[in-house]
Amino acid sequence: MRLDKYLKVSRLVKRRTLAKEISDQGRISVNGTTAKAGTDVKVDDELIIKFGQKVITIKVTGLSEHATKENAKGMYELIKEEKISES
């Protein structure tokens, strides 16, 4: 599944266009490599996403083409969440 679609379906990002912008800015890495919107995401991949003052690390645990509140939470496992200090 494409990275931008995964982020939208898993509800990590609200809109697919926003997910595309974030990934094209180099703020997402998949398994340690900077990823673009079209990068293929698979189960067990590790994603690091930089949102403004926050960085989250997740592990992909499932893929689903359509999002519901119930299955969106089961698509990833939060490994780490940290705030970036302004210095």
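Modeller: Let's start with a definition: buried means under 20% relative accessible area, exposed over 50%, and partly exposed in between, using a 1.4 Å probe and protein chains only. This is a predicted model, where local features need pLDDT of at least 70, side-chain atom pairs count only at pLDDT 80 or more, and totals for chains, interfaces and linings use all residues. Residues are numbered from 1 along each chain as its sequence is written, and side-chain values use heavy atoms, with hydrogens and water left out.

Biologist: What makes Glu65 and Lys5 a salt bridge?

Modeller: A salt bridge needs a side-chain nitrogen of Lys or Arg within 4 Å of a carboxyl oxygen of Asp or Glu. Here the N to O distance is 2.7 Å, so the pair qualifies.

Biologist: Why is Asp4 called buried?

Modeller: Its relative accessible area is 3%, and buried means under 20%, so Asp4 belongs there. Asp4 also meets Arg16 in a salt bridge at 3.3 Å, N to O, and Arg2 in another, with the closest N and O atoms 3.0 Å apart. Together, Arg2, Asp4 and Arg16 form a network of salt bridges.

Biologist: How do you know that strands E3 and E4 pair?

Modeller: Strands, marked E, are DSSP runs of at least two residues, numbered from the N terminus. Two strands pair if DSSP finds at least two bridges between them. E3 and E4 run antiparallel and are joined by six bridges, so they pair.

Key
Helix = DSSP H or I, 4+ residues; strand = E, 2+ residues; numbered from the N terminus.
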